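User: I am new to this structure. Please walk me through it in short steps.

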Amino acid sequence: MIGEEKANMGKNVQPLLFNLAPAQPSLRDVANRVKDGGVGALTEAERRADQATYQEVTCRSALNRVQGMPFAWTLNPYRGCTHACHYCFARRYHTQFELDTDDQFSSVILVKRNFVEVLTRELDRPSWTREQVALGTATDPYQPIEGRYRLTRGTIAALIRARTPVGIVTKGPMIVRDRDLLIELSRVAKCTVCLSVPTVDDEAWQALEPGTAHPRQRLRAVRELVDAGIHAGVLMAPIVPGFSSSRSKLERTVKAIADSGARFVGANVMYLQDGTRTHFMKFIASEFPAMAPRFERLYAAGKYPPSEYRKEIKAMVGVLQARYGMGRRDRGEDDRETEAADEPDQVGFRW
Ligand code: SF4
């Protein structure tokens, strides 16, 4: 309505003889209400992007021991994620709380209110040996609610005090807010930041990651972190067959990542397991039914598509990385593997 009102300004708009709809506030009314009572005073406003329920909880431990990963411990101040990526592997963890892997994963968020106090106690123990920690493995530590609770910021401050190395994964450009702490952490321990940018393709982004910031905004965050001297790069994952796997989309994405100044890039094809698989297949059947049989075939044998398919994608990404100069920056094991690959003539992605 406000847009309509704006558009009509200055035009000779005839009033309706009988207008039975409730009176709409004028622009001035809106401005006055917001001035007096904040956005909450707009009681008829439609709440759209975030209709989530936030439940505060107390936690007994913050550090979570993991095996077989490049890090020894994980930290997740929140559970559930309003970024709502349909491929999110963490969806299946929400069932631990008797919540479903569909809408409840992205709309019922558990906030560990005492997380920073508990973590601080754990890091203060004489037995703490400063092993590698990963922040944001089961949820995004910079989803919008972090702006209110600042648990991630408190977590980084605690890690600085304990001089503990950390790797952070996020899709939230809000991480730039904590640049000061990340600089400090990089000074006293190892700190790596991965912005997750699976693709820069607008359609794929809108379809698959409905609650996230635009990929270009995430890449701007990479630029700001790198410029601040923080070891920041991009996880181009997951690459989702049929949505972001074509050569042209991969090329645009790799080029954008290279342009952002990312210090490294990793890539991987989507895997689907347990509740995540159930949710994703349901989503495809409902929103993109024509694609459903292909996904069923591609993921028939397990959580990954066939290894041949993954190799093709990785080879292409490796070639593109080399083309856009990512091969000369510091890189991970996966990337070195793909760097050696020959350029396929025309990758026939069997999508
Ligand atoms: S941002 Fe990460 S944790 Fe959140 S829904 Fe997307 S993939 Fe899952």
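User: Is Cys59 buried, exposed or partly exposed, and why?

Analyst: This is a predicted model, where local features need pLDDT of at least 70, side-chain atom pairs count only at pLDDT 80 or more, and totals for chains, interfaces and linings use all residues. Residues are numbered from 1 along each chain as its sequence is written. A residue is buried if 20 or more other C-beta atoms, placed from the backbone, lie within 10 Å of its own, exposed if 12 or fewer, and partly exposed in between. Cys59 has 18 C-beta neighbours inside 10 Å, so Cys59 counts as partly exposed.

User: Which residues is Cys59 in contact with, leaving aside its neighbours within four places in sequence?

Analyst: Cys59 is found in the loop between strand 1 (53-57) and strand 2 (64-65); strands are DSSP runs of E, at least two residues, and helices are runs of H or I, at least four, numbered from the N terminus. Lys112 is 53 residues away in sequence, yet the two C-alpha atoms are 5.9 Å apart. Contact asks for C-beta atoms, placed from the backbone, within 7 Å. By that test the partners of Cys59 are Lys112, Asn114, Phe115 and Val118.

User: Which strands are the edge strands of the open sheet of 7 strands?

Analyst: The sheet has the order 2-3-6-7-8-9-10, with mixed pairing. Two strands pair if DSSP finds at least two bridges between them. An edge strand here pairs on one side only, which leaves strand 2 and strand 10 (265-269).

User: What is the bridge partner of Gly167 in strand 8?

Analyst: Strand 7 (residues 166-170) and strand 8 (residues 191-196) pair in the parallel sense over 5 bridges. In strand 8, Gly167 is bridged to Thr192.

User: Which residue follows helix 6 with a positive phi?

Analyst: Helix 6 covers residues 151-161, and its buried residues include Leu151, Ile156 and Leu159. After helix 6, phi is positive, near 45°, at Arg163.

Definitions and conventions
Two residues are in contact if their C-beta atoms, placed from the backbone, lie within 7 Å.
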